[in-house]
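Here's a quick tour of a protein model, put together for someone just getting started. Have a look at the sequence and the fold, then work through the points below.

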Amino acid sequence: MGKEHEDRTKVRILRVMMALLDRPFGYTKRDLSEMTGYSPDTIKHDFDCFRNVGLVLKRDDKHRYAFQESQPYKQLKNLLHFSEDDQYLLEQAIDQVSAHSKQGKRLKKKLHSLYDYHLLGHSYLRKPYLSKVDLLLQAKEEQKQAKLIDYPSSHSNSTQNRQVEPFHVSPPDDMLHAFDVEKKKLRHFRISRIKRVKLLDTSWEYPGHHRIIYTDPFRIVSEGLVTIHLRLSVGARNELIERFPNTLRHIEPAAEEDMFDFQCEVNNKFFGIANFILGSYVQGVEVLSPDSLKEHLRGLLRKMEF
């Protein structure tokens, strides 16, 4: 019974935490009590647990609560360093909430997008990833340069240290936007590929060059964009979402039963989307537009002929 009681306590605390993250200043203690089925005194004890791990709770004039947003990733890093058993309980808690309310589904979507559940797996709950995010955010806030230790580049096919000025950190996209000090160019780095981040004492030297460039749902950064329109079967839709979770918000039901429309802007080199179409064509993918995408796919197929 002791292990079962401990598990129920963890699930309850996680549900309370996710509710506060989803709707800051949206719940009183009594609201949380009614939502979880536990007494207000129990919720008060949960709040004490949050404070004990370094999370700061604020209360508005209507006695509704929210986490203080200063250094959120450092606070989450301290809280979310779970064992494998704890990670399994977190998934149970998310599923339990999702099964009973639309709010639960939003919570699950938010947690998945926060550290890209499909790309990073369970590592989005572990200290190494959160520590990198925390240091990159610190470099941005203090306008300091940072060194990305042992970064493997697909373009140069090499692993190097990169000295950069981080100015935009996006865990949902697993993307760091930074100015490469040595190459004197804007560069974009996958946070999950960075082995370690070292904060430097050197202040930014090139803030005038810092500019955020759009990242498409396939995590490709490009200034050249084109709008595409695909018709997907249920199987193709599921495959697209599982491989590229950020495409979900661009998918809508089509007029035909069990078919879906996918429309959004992607990079004009069609990186990511072309591989998906060629790999999932048998599942039911129809390219409606543009013609440039159709021609690009024909060119790839010609190169594959042997």
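Before we talk about helix positions, here's what counts as one: a helix is a DSSP run of H or I that is at least four residues long, and helices are numbered from the N terminus. Keep in mind that this is a predicted model.

**Salt bridges**

- How many salt bridges does the count come to? The count comes to 11 salt bridges.
- Start with Asp48 and Arg51, whose side chains meet in a salt bridge at 3.5 Å, N to O.
- Asp48 and Arg51 both sit in helix α3, and because they are three residues apart there, about one helical turn separates them.
- Buried or exposed, or something in between? Asp48 is partly exposed, with a relative accessible area of 30%, and Arg51 is partly exposed too, at 41%.
- Next up is the salt bridge between Arg12 and Asp46, where the closest N and O atoms are 2.7 Å apart.
- Arg12 has a relative accessible area of 8%, so it counts as buried.
- Asp46 is buried as well, because its relative accessibility is 0%.

**The four-stranded sheet**

- As background, strands of a sheet pair through backbone hydrogen bonds, either parallel or antiparallel.
- In what order do the strands of the four-stranded open sheet come? The order is β9-β10-β8-β11, and the pairing is antiparallel.
- At the edges you'll find β9 (251-253) and β11 (285-289), each of which pairs on one side only.
- Ignoring direction, neighbouring strands in this sheet are turned by 25 degrees against each other on average.
- Zoom in on β9 and β10 (residues 259-267): they run antiparallel and are joined by three bridges.
- If you want a particular pair to find, Pro253 has Phe260 in β10 as its bridge partner.

**Helices on that sheet**

- Helix α9 (residues 234-243) lies across β8 (225-233), β9, β10 and β11, and it runs at about 130 degrees to β8.
- Helix α11 (residues 291-304) packs on the sheet too, touching β8 and β11, and its direction makes about 130 degrees with that of β11.

- Arg231 forms a salt bridge with Asp261, and their closest N and O atoms are 2.5 Å apart.
- Here again distant parts of the chain are linked, since Arg231 is in strand β8 and Asp261 is in strand β10, 30 residues apart.
- Arg231 counts as buried because its relative accessibility is 15%.
- Asp261 has a relative accessible area of 13%, so it is buried too.
- Which residues are joined into one network? Salt bridges with shared partners connect Arg231, Glu256 and Asp261.

**The five-stranded sheet**

- Another open sheet has five strands, arranged in the order β6-β5-β4-β3-β7 with antiparallel pairing.
- β6 (185-190) and β7 (196-203) stand at the edges with a single partner strand each, so one side of each has no neighbour in the sheet.
- The twist from one strand to the next averages 45 degrees.
- Strand β5 (residues 175-180) pairs with β6 in the antiparallel sense over six bridges.
- Within that pairing, look for Phe179, which stands opposite Leu186 in β6.

**A loop residue to look at**

- Where is Gln143? You'll spot it in the loop between α8 (127-142) and β3 (144-153).
- Gln143 is partly exposed, because its relative accessible area is 45%.
- Leaving aside neighbours within four places in sequence, Gln143 is in contact with Ser203 and Trp204.
- Gln143 and Glu205 are 62 residues apart along the chain, yet their C-alpha atoms are separated by 9.3 Å.

- Which residues make the nonpolar surface patch? Leu278, Leu301 and Met304 do, and the patch covers about 270 Å².

Terms used:
Residues are numbered from 1 along each chain as its sequence is written. This is a predicted model: local features need pLDDT of at least 70, side-chain atom pairs count only at pLDDT 80 or more; totals for chains, interfaces and linings use all residues. Side-chain values use heavy atoms; hydrogens and water are left out. Helices (H or I, at least four residues) and strands (E, at least two) are DSSP runs, numbered from the N terminus. Buried means under 20% relative accessible area, exposed over 50%, partly exposed in between (1.4 Å probe, protein chains only). Contact means heavy atoms within 4.5 Å. Two strands pair if DSSP finds at least two bridges between them. Axes are lines fitted to C-alpha atoms, for helices over the stretch in contact, and angles run from 0 to 180 degrees between N-to-C directions. Patches are made of residues with over 30% relative accessible area and no salt bridge: like charges are joined within 9 Å, nonpolar side chains (Val, Leu, Ile, Met, Phe, Trp, Tyr) within 5 Å. Accessible areas come from the Shrake-Rupley method with a 1.4 Å probe; for residues, only the protein chains shown count as cover. A salt bridge is a side-chain nitrogen of Lys or Arg within 4 Å of a carboxyl oxygen of Asp or Glu.
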